[in-house]
Amino acid sequence: TGLLLYLILKREIGQLEASKQSLEESNQRLISIRKRLEAFQKIINASPMVVCLWKNAPSWPLTMISDNAPQLFGHSVDAFLSGKVPYAQIVHPDDLQRITQEIIAYIKSKKAHPIAQQYRIITAEGTIKWVEDRTLIRHNPEGRIEAFQGIVFDITDLKNEENKSRELLKQLLQAQKMESVGRLAGGVAHDFNNLLAVVIGYAELLLHDTDPTHPRHEGLSAILEAAHRARNLTRQLLAFGRKQMLDIQALDINGVITHFENLLRRMLGDDITLKLSLDDAPCLVRADVTQMEQILLNLAVNARDAMPGGGTLTIATEAVESAAAHAAAEPDTPAGPLVRITVRDTGIGIPREVIDYIFEPFFTTKDKEIGSGLGLSTVYGIVKQHGGHILVHSTPGNGATFTIHLPRAEAAVTTLSAPPPAAPVPQPPRTATVLVVEDDVGVRQMACTVLEKWGYTVLSAEDADNAIALARTHKGTIDLLLTDVIMPTMKGPEVYAHIADLQPGLKVLYMSGYTRNAIFKNDIGEAGAHFIQKPFSINALADQVAHVLSTEPSA
């Protein structure tokens with residue numbers, strides 16, 4: 001019996017020692033797990049992600065949330081765990097239904113991998129943030145859904161960058177489209193100008209030879225008036241395509257606006273108030289004063305039409321030292337010191353679905369009897385041709401604001417005053433010989449008819465080769481070369497260079513459907529060269545020919 005008791009006690013002592021050893025090992029494992037858990041918790045709290053455990057219930061009550069939750073949500077951990085702030089409450093109302101439907105579809109799909117959702121939350125401070133939520137379903141031992149385990153990331157900066165990149169891409173595509181449309185508009189206007197030159201020229205000739213009492217006089221006058229209106233449309237297209245003639249000088253925009261103020265007030269009418277808020281400092285730019293006035297007029301007309309019941313039009317200027325912040329948002333904004341011109345109305349505003357198209361030629365929301373759709377496209381072309389940038393902000397019912405940035409100049413300012421009366425054009429002897437070189441047969445014949453009617457001896461050539469051959473075989477003197485600038489085989493200045501070798505003292509008058517500044521740099525290259533733009537009137541052609549013949553020979 002004593003031996004049996006000894007063995008039992010020894011066994012129990014061994015079991016107790018083994019239990020003690022196992023307990024110590026369990027304690028060590030527990031300490032190790034706790035340390036790893038604490039380290040993991042530190043990593044989570046230092047990271048931008050929040051770990052959540054939602055109970056499977058309609059309000060998504062949280063049963064666990066990491067300690068860094070306040071950094072993302074603004075609410076305390078206790079507020080979430082106590083149910084004081086249900087998670088569904090912080091989800092943006094515009095996104096709540098969508099993500100709920102996505103969770104339901106995810107549950108029905110019985111997929112094992114997590115679902116990734118992006119939605120907005122509203123923090124305790126009222127700030128809207130974008131988050132990405134990667135959620136996985138947790139089941140109980142019986143296979144029923146018990147909870148949803150999620151990791152929530154703050155992706156606000158990423159979303160902002162995506163939106164910014166998307167907006168920059170949109171602006172780039174819009175700029176490329178406008179550039180393409182501009183080239184197309186300029187080319188169409190050039191070709192159309194040739195047709196108008198023929199219509200206007202012959203209409204003026206017929207009208208000149210028709211007695212005012214003749215029945216045809218009224219019809220000819222109507223033809224001529226329609227042709228002049230078409231010419232004005234082509235000039236606006238050329239402005240959009242940045243091909244109009246500019247007389248660049250140093251200007252104070254403030255002076256341009258005050259000089260133009262009375263005309264604007266008369267045009268706006270009594271029911272619209274014009275307010276000027278001009279910078280105290282000079283706002284100097286290098287610009288064409290007529291084109292700046294055209295911008296003001298077109299924007300004012302547009303504002304007037306947007307305020308049929310009256311309102312206020314405000315024109316403001318500001319000298320901007322640094323446009324870095326604005327350039328970051330609008331990539332086309334020129335760098336360096338700028339002059340900002342703001343034109344703001346209190347009208348009906350511009351619908352969001354059309355605001356991206358308002359600068360395109362012929363796009364208009366007005367009745368066809370009111371607008372041609374070229375007013376804002378002309379403004380766009382002028383601003384771009386001056387190296388500037390224009391943008392518009394508007395919401396329906398809250399008016400529209402057009403903001404223009406132009407490079408600021410550091411130069412003396414041209415004083416605006418009435419232009420001096422034009423000096424009379426000297427009339428040379430009509431015995432001069434003029435060689436007309438023009439590849440468009442209608443324009444060539446019309447120009448020759450006008451010059452012959454005015455008493456000149458006229459030679460005609462349809463291209464450069466024929467013109468040079470004619471000059472080589474002509475027995476007499478050729479006093480003036482009237483030549484198109486852009487021709488298939490040779491440009492006007494090259495034709496002049498060849499013929500000037502054969503005809504010393506030859507003078508030249510260039511003509512083109514493009515405007516002066518659009519062709520001079522590359523095609524004429526001489527700012528002092530004489531130039532007439534098609535379509536021209538018969539009197540303008542006769543006066544310009546007389547003027548060139550009365551000047552010193554071209555160099």
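**Close-up views of a predicted model**

**View 1. Helices α13 and α14 in contact.** In this predicted model, A464, A467, I468, A471 and R472 of helix α13 meet V495, H498, I499 and L502 of helix α14, where contact means heavy atoms within 4.5 Å and where helices (H or I, at least four residues) and strands (E, at least two) are DSSP runs numbered from the N terminus. By class, this contact of α13 with α14 has seven nonpolar, one polar and one charged residues; Ala, Val, Leu, Ile, Met, Phe, Trp, Tyr, Cys and Pro count as nonpolar, Asp, Glu, Lys and Arg as charged, and the others, Gly among them, as polar. The axes of α13 (residues 464–473) and α14 (residues 492–502) come within 9 Å and cross at roughly 10°, with axes being lines fitted to C-alpha atoms, for helices over the stretch in contact, and angles running from 0 to 180 degrees between N-to-C directions. That makes α13 roughly parallel to α14, a term for angles under 35 degrees, while those over 145 count as roughly antiparallel, 65 to 115 as roughly perpendicular and the rest as oblique.

Residues are numbered from 1 along each chain as its sequence is written, and side-chain values use heavy atoms, with hydrogens and water left out. Because the model is predicted, local features need pLDDT of at least 70 and side-chain atom pairs count only at pLDDT 80 or more, whereas totals for chains, interfaces and linings use all residues.

**View 2. Helices α8 and α9 packed together.** Helix α8 (residues 253–268) and helix α9 (residues 289–306) pack at an angle of about 40°, and their axes are 10 Å apart. The two helices, α8 and α9, are therefore oblique to each other. On the α8 side the residues in contact include F260, L263 and M267, and on the α9 side they include M292, L296 and R304. By class, the contact of α8 with α9 has 14 nonpolar, one polar and two charged residues.

**View 3. The open sheet of five strands.** The strands of this open sheet follow the order β7-β9-β10-β12-β11, with mixed pairing, and two strands pair if DSSP finds at least two bridges between them. Strands β7 (272–277) and β11 (389–394) stand at the edges with a single partner strand each, so one side of each is left without a neighbour in the sheet. Neighbouring strands of this sheet are turned by 15° against each other on average, direction ignored. Helix α8 packs on the sheet, where α8 touches β7, β9 and β10, and its direction makes about 175° with that of β7. Helix α11 (residues 375–385) lies across β11 and β12 (400–407) and runs at about 140° to β11.

**View 4. Strand β10 and its partners.** Strand β9 (residues 311–320) is joined to strand β10 (residues 338–345) by eight bridges, and the two run antiparallel. Along this pair, L313 stands opposite D345 in β10, and V320 stands opposite L338 in β10. Seven bridges join β10 to β12, which also run antiparallel, and here T342 stands opposite T403 in β12. Strand β10 is mostly covered, as six of its eight residues are buried, buried meaning under 20% relative accessible area, exposed over 50% and partly exposed in between (1.4 Å probe, protein chains only).
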